[in-house]
Amino acid sequence: MSAPTRSEYRTVIVGAGVIGLYTAYYLARAGAGPILVVDRGFLSSGASGRNGGGVRQQWETRATVRLARESVGAYRRFARDFGVNPWFRQSGYVFLAENGAELERLRRVHDIVASEGLPSEILDSSRVARLVPGIAPEAAVGGTYLSTDGTLYPFPVVWGLYEAVRAMGTEVLLGAEALGVRSTDGHLTGVATTKGTVATSTCVNAAGGWSRDFSERAGLTVANAPTRHEILATEPLKPFLDPMVVRARDGLYFSQTMRGEIVGGLSPPSQNPATSAMSSSPAFLARMAGALVRILPSLASVGVLRAWSGLYDDTPDGLPVLGEDSHLGGFIHANGFGGHGMMLAPSSTARVARMILGERVDLDPDEFGPQRFDGGQPSHATEALQLG
Amino acid sequence: MTNRSDGGRQLPILQRSIRYHRPRAPFCGVGYCTNCLVRTDQRLNVRACREGFPTRGVRATSHAWPSPQHDLLGVLDLLFPRGIDTLRGFRRPAWAVPAYQRIVRRLAGYDNPDSVASPPSSGPPRTRSVDVLVIGYGTSGAAAVDELKARGIDAIAVLDRNGAEGDGTMPGRTTAVFLPPPTRNAPYPFRVLASEGSERAVLVSARKVIVAAGGYDASLLFPGNDRPGVMTADGAFSFERDGIEPFLRAVVFGGGDRARKVVEKLGDRVVAVVAPGEVGPDLARAASDRGIPLYPRSLVLGARGRSRVRSIRIRARSFGPRQTLGADALVLAHRRIPHPQLFFQAGARMVWRPRVGAYLPAVDAHGATTVPGLYAVGSAAGAVDLDSSRASGRAAARAVAEGAEPGVDVTRSSPPEPPNEMQGYYRELLAEPEGFAKWIACPCEDVLLRELRRANEDGYRGIEVIKRYTGLGTGLCQGRYCVPDAVLLLSIWEGRSPPEVGYITQRPPVVPTTLGQLATLETPLSDPEAP
Ligand SMILES: Cc1cc2nc3c(=O)[nH]c(=O)nc-3n(C[C@H](O)[C@H](O)[C@H](O)COP(=O)(O)OP(=O)(O)OC[C@H]3O[C@@H](n4cnc5c(N)ncnc54)[C@H](O)[C@@H]3O)c2cc1C
Ligand code: FES
């Protein structure tokens with residue numbers, strides 16, 4: 001397909017990552033077509049094809065714990081529902097505390113997670129050593145563990161959604177860039193793309209790390225800020241590490257995939273403004289290697305196979321932006337997922353779809369709505385566990 | 001670990017393939033492929049071919065059980081003649097999924113880090129700051145070095161994977177060329193990372209870099225292309241170098257100079273020369289001098305034999321007759337691919353060259369690329385013979401010495417060229433009624449040709465997507481032995497040109513570099529201003 005087949009769509013979605021495709025999936029399933037998804041890149045070229053595949057439910061804000069818990073349910077069913085297997089493996093997440101203060105902080109998270117009915121556990125250093133075999137004694141005084149957290153392969157999630165939405169008649173146009181929107185009286189009337197302009201009353205901004213850019217093209221001011229994050233993978237090893245491991249201090253994370261590779265990343269020391277180049281830096285390779293070897297000394301003899309990077313779409317409070325823009329009717333935000341769009345996609349996009357269909361949703365607009373940043377700092381609690 | 005039972009032929013089976021546990025013998029001879037992956041007391045995933053095929057101190061990885069020669073898991077290959085579908089399989093019944101996951105996971109990976117008895121503590125990195133770094137000490141690299149010295153430039157470093165302290169070169173496989181973020185008048189705009197064995201990292205800061213890294217022998221697609229005994233010319237030469245005689249009757253595939261070199265080196269152990277196109281006059285002479293029959297314009301239809309090649313089936317092109325050649329090896333010498341990795345990675349502009357069937361850096365008359373200070377010479381830049389290699393090395397050295405401003409004209413489109421002969425070759429081969437049984441499109445990851453075909457039929461387009469869909473190109477050789485041919489196949493199936501099919505992003509490190517080595521660079525590399 002090289003151009004939209006129609007001149008008008010009920011909904012146009014910008015971005016064919018996991019957020020855009022999942023939103024399309026719920027809308028199509030509700031019969032709310034015709035839908036057009038445009039993406040200027042190839043399938044999985046954005047963060048949805050560049051992430052660590054971590055799915056956790058340990059959060060400091062209750063609403064996020066609930067969204068994540070619902071996503072875990074969706075990913076457990078994903079292989080059966082979509083016919084493509086993302087190998088979602090619930091082998092837990094371990095958060096490491098290096099000192100008493102960090103352990104206190106994790107304990108607060110544990111209390112919230114446990115009170116939501118999830119089997120969160122506090123770990124002493126010997127439990128940590130059993131869950132993370134070979135860990136250096138000084139790497140953790142303790143931590144938390146949630147056995148039902150897990151990891152998956154991101155690509156099959158994208159393929160499964162892509163095939164499902166196309167089977168329901170949704171058009172997915174790759175290599176088509178959204179240039180801006182048309183509007184009358186503060187209401188959206190169309191979307192302009194490099195493959196022509198189409199009429200629509202609803203446009204979803206699911207452009208991930210480029211969501212700020214697309215909002216600006218629509219004449220809107222937003223608080224989203226893209227940042228570049230790097231990640232590496234090693235040679236495949238025999239399985240020895242089950243859970244995803246996250247260091248509470250700085251969010252360094254790593255896990256061993258189904259294929260046996262150690263995949264992990266580390267946030268940049270200072271803010272890393274997005275550059276168009278999604279390349280790897282020498283400093284990251286060295287910092288990440290140094291950190292990994294200090295945590296698991298036996299990894300010193302393991303080769304790094306490749307390193308890459310992608311964009312986090314960060315927000316000031318660490319929570320996504322979900323809902324209609326208050327300045328442009330019909331312009332729906334489904335972005336600002338930071339480093340957590342994979343794990344929050346199934347549940348949060350279900351709500352975005354319901355909002356588009358005019359149904360009520362159980363999200364507090366002061367916590368997730370786009371207008372929360374309008375008057376400077378938001379009033380509600382921020383998500384402190386923006387790690388990993 | 002050498003199999004001497006077979007009439008004096010010493011073809012070692014050192015590894016099994018990752019998914020189907022097919023027997024594998026050394027293939028590439030230059031340390032990229034996975035076929036000779038072994039372990040020593042200090043190191044994981046060592047390439048035996050880089051260590052002179054030692055029999056002392058190396059052990060099989062724990063991947064095969066009980067040993068690579070007799071691996072009971074080889075039954076997987078027989079149980080799944082059409083392959084294992086990990087993308088769509090293992091979904092039902094729900095209660096069995098955790099068990100599937102445990103089994104599949106246990107089968108993954110080569111070795112456990114704990115299996116290394118005494119991991120070396122990586123020594124401090126070897127660091128140098130120089131005016132000019134030359135990467136690769138072959139014909140063109142040596143010519144560049146001589147010319148630089150003749151012009152009084154002495155602050156030179158030479159990195160070569162076979163380098164030795166004695167000959168003035170630094171041993172090390174270059175794994176990345178980094179350009180630090182633009183800083184004011186950075187004295188050393190390039191930082192080049194290399195690994196010396198697995199023990200030591202090498203970090204060279206340079207004002208200018210001349211890449212003379214050459215190329216490597218391509219692999220070939222046909223059913224049984226991963227059988228022990230199928231190897232590249234470099235693979236055959238590596239056995240020669242180490243005094244191992246792994247075959248007695250080799251078929252050489254190729255019609256040009258590379259094939260001639262194989263014929264000259266292996267002499268009476270070559271039983272036939274099969275070429276995808278016409279046979280060059282020098283090769284024809286070398287073959288007829290030795291009474292070796294030639295099969296020009298022919299397809300390799302398949303290799304028979306499980307634990308080693310017993311015969312090669314060929315067919316003259318344009319639906320000519322089929323023939324079976326008794327042979328215990330097939331040596332691939334049909335095409336050399338210039339190493340593109342370092343140029344891609346440094347951000348130089350690359351140009352698809354149809355005739356070569358590969359990407360080459362866009363260069364000016366001195367070999368300057370679009371990255372100021374980065375030069376490409378020799379076959380890495382497309383030189384086809386010794387004289388032009390030498391000349392390109394000297395020209396780059398002169399430009400560096402004289403401080404010539406590069407003048408790459410990127411707007412100039414290259415003159416039209418005929419497509420690489422392998423494109424037509426594969427078009428014809430795929431029309432064969434052989435089906436796609438187990439053609440291994442990516443030997444490192446055991447990705448089958450049928451999986452590529454399926455991805456194409458399911459509507460996935462472009463090599464970047466196919467890579468993510470099938471896993472092709474994600475193995476230890478970093479795609480060197482699968483991506484070039486996959487691009488040609490996809491271009492046939494997608495009905496568009498190879499550049500439209502794309503190329504996979506070349507990510508650092510371009511050869512595996514241990515975490516231990518990288519960790520020693522934490523201080524020097526985290527400071528973008530440091531030399
Ligand atoms: C290194 C890294 C590690 C991560 N690890 C995890 C993790 O472990 N767990 C987790 O849950 N999350 C993780 N994330 C975050 C997660 O990947 C993202 O939040 C998620 O993929 C976002 O999905 P998306 O669909 O919004 O964005 P993307 O997948 O980036 O999709 C956006 C798409 O929009 C397209 N686009 C942009 N602008 C335009 C335009 N104007 N016109 C047309 N198309 C346009 C882009 O081409 C892109 O394909 C990680 C991210 C990174 C970078
Ligand atoms: S053959 Fe090595 S990655 Fe494909």
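What volume does the second largest cavity have? The second largest cavity holds about 110 Å³.

## Basis

This is a predicted model, in which local features need pLDDT of at least 70 and side-chain atom pairs count only at pLDDT 80 or more, while totals for chains, interfaces and linings use all residues. Residues are numbered from 1 along each chain as its sequence is written, chains are lettered from A and ligands numbered from 1 in the order written, and side-chain values use heavy atoms, without hydrogens or water.

## Cavities

The count is 6 cavities of 30 Å³ or more (a cavity is a set of points on a 1 Å grid over the protein atoms alone where a 1.4 Å probe fits but cannot get out; lining residues have an atom within 4 Å of a point). A volume is the space filled by probe spheres set on the points, which are joined across faces, edges and corners.

The largest cavity has about 190 Å³ of space. Its lining has 23 residues, and B:Phe27, B:Ser219, B:Asn225, B:Asp226 and B:Pro443 are the closest to its centre. Because domain 1 (14–115) and domain 3 (219–334) of chain B both give residues to this lining, the largest cavity lies between them; the domain bounds come from an automatic or database assignment.

The lining of the second largest cavity includes A:Arg306, B:Gln341 and B:Lys467.

## A sheet in chain B

In chain B, 5 strands form an open sheet with parallel pairing, in the order S13-S20-S14-S15-S16 (strands are DSSP E runs of at least two residues, numbered from the N terminus; two strands pair if DSSP finds at least two bridges between them). Strands S13 (230–232) and S16 (294–295) of chain B are the edge strands.

Notes:
1 Å grid on protein atoms, 1.4 Å probe; cavity = no way out; pocket = protein on both sides within 12 Å on 5 of 7 lines; lining within 4 Å. Helix = DSSP H or I, 4+ residues; strand = E, 2+ residues; numbered from the N terminus.
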